[in-house]
Amino acid sequence: MNTTKVGIPRALFYYQYYPLWKTFFEELGAEIVLSDRTTKTIMDEGSKTCIDEACLPIKIFHGHVMNIKDKVDYLFIPRFTSVSKNEYICPKFGGLPDMVRHTIKDLPPIIDTEVNLRKSGKNALKAVYEVGSFFSKDQYKIKRAYKRALESYREFREKIKKGVLPCDILDKKLRTVKKYDGRNLNIAVVGHGYNLYDRYANMNMLDKLIDKGAEIITVDMVDGEIIEKHVQVLPKRLFWNFGRKAVGSSLYFLDREDIDGIIYLMAFGCGVDSFISDLIERKIRRNKDIPFIILTLDEHTGEAGMDTRLEAFIDMIRWRYRNEDNVSAYG
Amino acid sequence: MKITFPHMGNTYIVAKALLDDVGVDYIIPPYNNKRALEIGTKYAPEMVCLPLKINLGNYIEAYEKGADTILITGGRGPCRFGYYCEMSREILRDNGFNMDVITLEVSQEGFNELLRRIRRITGEINVKKILKVIKNTTLVSKRVDELERLTYKLRPREIKKGSTDKIYKEFQRKVKEVRGSSQILKLINNTKSRLIRLEIDREFKPLKIGIVGEIYTTIDPFTNFHIESILGNMGVEVDRSNTVSGWIIEHMLKAIVPFKKDIRYKEAAKPYLGAMIGGHAQETIGNTVLYAKDGYDGVVQIYPLTCMPEIVAESILPAIERDYNIPVLTLIIDEMTGEAGYLTRIEAFVDLLNRRRERVEIGQNFALSGN
């Protein structure tokens, strides 16, 4: 018997939920087809098919759909309205299946189950049964698959919280600790997962930082309770899931004494980033003299320009410490 | 305390009626203008959407005239408008404009917090008075919209071109001088009867275009370069799905009091966009379908650059164009939009619609003689 092939575009929430999806579908006996890693072709295809005004990650997503649409029986593009109580993601996530459906021709059937946990977390189970019903009539089996899926997801989250980069886990990459002569820097990187962990889109930014002797801390590594505690300073509750995470962890980074610099990686045209990056920048500039930089990605970003800015940022931080060393201890 | 509020098309008339009736001191910022936009662009982050930039310009121009408190409504997302209040607060603070922001919304603190905020403005809470004010303000918003809708019908049909605009502009100027909802309503009625007396060509069958999109850019004539007037004077009858009264009733009042909402557009949008995704995306999709069904010749979608919900709508609109055979023109506006290029696109679109209609008419005649 042929197994059903489910296509998962390697973009957007892939970086956040893939282990969950993988276990769930495999437990139900489906075969997962992942799109290739982002390449120039995928990005070009994406920006060609998608409307011009969309942000880079959405264009890349369209490229990934183009990449696998002919190889699968189903495309898995859930409608993510909300993944946490009283919070939204971004309107584009809510309309993603519709965007794809009306933009790209000759698509296989799309599994576009709505995930909406805005009112109650219990709605997750509803979505699980709906997705599961494509592969099995057995409710018990679906529930068991979901339970196992949650376990792999938790395992994934635990690893991230210990400081492993999600892209390294997903790509099964083992990172050997490199000796860097001189002091290792702790660099906090704030940004959407799909910008931080897509190596092609951000032109290997994280690897480049690591090669320069930086330890990376991303928003995903910060514990939910810490975020919750720090985000309370905002007078009005932020209704974007990512926004709360970003603001909460940035404020936490400010409190930590061992963070040497903060990088905000945003995508051109991202509505949420346009507010959150500004909000964070204002909070940082008011409270602490810590190096902070906003880097913007789009499909035209030149790698050389990006490298120059990263190098300058790291050099600047190192100079701070060198100059400190130059002050004679003897007075 | 001197209150001010941001502009959005005719909302200032409604806000004026409200504040007059409540009896508080306020300043209407100078009407949206180039300088306001320049000020806003200077202080706002580069990539935020256009309405926030103009709003900031409004606040600062009002601040120069002595305002110290901003009255604005809120939202629960995911559209960015819901966080305008906080962004404005932060930006104004960092740039040394000492202004307070009062957001009228039911926030996480609950209904009592809203009452506390209203009390800050009015001093006391007189439920009877507040209900009366709300009733009168809503009435003003409805009447203003009716007046606007009347101009849509008159402009293409007027014999002496420009006469509708002349009366309407006079109304917008005069309304600033009268006080309170009752006088505003009287002025509206006067203007209406003057408009009705205008000489029009009753036989003329104009092209019909529906305007959909993001609420601020569709409602505010400064932002959309007076598109209703441009189209009207080109002999096109327009209709706009977003209205000030619709916004007040559907989005503000019904968010507090759970009345039944108007869901006609929701049902029309269902095959294309299955869920509420924030902003006016569902309205844009649904109303485009409704316009097509009502026999409109074309639809114009307007939104500010990087508007998240409308981007989703724009990528779905081609499917409706195809299914209902109705042309859609998308106009995206930011602080760099040049008027000439914008006008050319509108003119070309109207030409296209005219040709389409001619073709249909010729086609019908041809079929008749062929019989």
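Me: How many helices and strands does chain B have?
Reply: This is a predicted model. In it, chain B is built from helices and strands, and the count is 15 helices and 7 strands.

Me: Why can chain B be called as compact as a globular protein of its length?
Reply: For 371 residues the globule rule gives 21 Å. Along the principal axes, the C-alpha atoms of chain B fill a box of roughly 75 × 45 × 40 Å. Chain B is as compact as a globular protein of that length because its radius of gyration is close to the rule, at 21 Å.

Me: What share of chain B is buried, and what share of its contacts joins residues 24 or more positions apart?
Reply: Of the 371 residues of chain B, 44% count as buried. Among contacts in chain B with a separation of 6 or more, the share from residues 24 or more positions apart is 74%.

Me: How many helices and strands does chain A have, and what is its radius of gyration?
Reply: Chain A has 14 helices and 10 strands. Its C-alpha trace spans about 80 × 40 × 40 Å along the principal axes. A compact globule of 331 residues would have a radius of gyration near 20 Å, and the value for chain A agrees with this, at 21 Å.

Me: In which order do the 4 strands of the open sheet in chain A stand?
Reply: The pairing in this sheet is parallel. Its edge strands are β2 (31-34) and β5 (110-111) of chain A, each of which pairs on one side only. Strands β1 (residues 5-8) and β3 (residues 74-76) of chain A pair over 2 bridges, with V6(A) opposite Y74(A). The order is β2-β1-β3-β5.

Me: Is strand β9 of chain A mostly covered or mostly open, and how many of its residues are buried?
Reply: Strand β9(A) covers residues 261-267. On one side G261(A), I263(A), L265(A) and A267(A) are buried, and on the other I262(A), Y264(A) and M266(A) are buried. In a regular strand the side chains alternate between the two faces of the sheet. The strand is mostly covered, and the number buried is 7 of 7.

Me: Which strands of chain A pair with β9(A)?
Reply: Strand β7 (residues 185-190) of chain A pairs with β9(A) in the parallel sense over 4 bridges, and A188(A) stands opposite I262(A). On β10 (residues 292-297) of chain A, the parallel pairing with β9(A) runs over 6 bridges, and I294(A) is the bridge partner of Y264(A). The strands asked for are β7(A) and β10(A).

Me: Through which helix does the chain cross from β9(A) to β10(A)?
Reply: β9(A) and β10(A) pair in the parallel sense. The β-α-β crossover that links them is right-handed, and the helix it uses is α13(A), residues 271-287.

Me: How far apart are the end C-alpha atoms of α13(A)?
Reply: At 1.5 Å a residue, the 17 residues of α13(A) should span 24 Å. The distance between the end C-alpha atoms agrees with this: 25 Å.

Me: Which elements do the buried residues of α13(A) pack against?
Reply: The buried residues of α13(A) include G271(A), F275(A) and I280(A). From chain B, their partners are α4 and α14. From chain A, they are β7, α12 (241-255), β9 and β10.

Me: Which helix gives the most to the side of chain B that touches chain A?
Reply: The contact takes 36 residues from chain B and 29 residues from chain A. Helices α4 (84-94) and α14 of chain B each supply at least two residues of the side of chain B that touches chain A. The helix that gives the most, with 9 residues, is α14(B).

Me: At which residue does α14(B) bend?
Reply: The 17 residues of α14(B), 308-324, should span 24 Å, and the end C-alpha atoms are 25 Å apart, which agrees. Among the buried residues of this helix are M308(B), L317(B) and I320(B). A proline, P318(B), follows within four residues of the bend, which is about 35 degrees and lies at I316(B).

Me: Is D351(B) buried or exposed?
Reply: D351(B) lies in helix α15 (residues 339-370) of chain B. Within 10 Å there are 11 other C-beta atoms, and a residue with 12 or fewer counts as exposed. D351(B) is therefore exposed.

Terms used
Residues are numbered from 1 along each chain as its sequence is written. Chains are lettered from A and ligands numbered from 1 in the order in which they are written. This is a predicted model: local features need pLDDT of at least 70, side-chain atom pairs count only at pLDDT 80 or more; totals for chains, interfaces and linings use all residues. The radius of gyration is taken over C-alpha atoms; the globule rule is 2.2 Å times the number of residues to the power 0.38. The expected span of a helix is 1.5 Å times one less than its number of residues. The bend at a residue is the angle between axes fitted to the seven residues ending there and the seven starting there. A residue is buried if 20 or more other C-beta atoms lie within 10 Å of its own, exposed if 12 or fewer, and partly exposed in between; C-beta atoms are placed from the backbone. Two strands pair if DSSP finds at least two bridges between them. A crossover is right-handed if, with the strands pointing away from the viewer, the path from the first strand over the helix to the second runs clockwise. Two residues are in contact if their C-beta atoms, placed from the backbone, lie within 7 Å.
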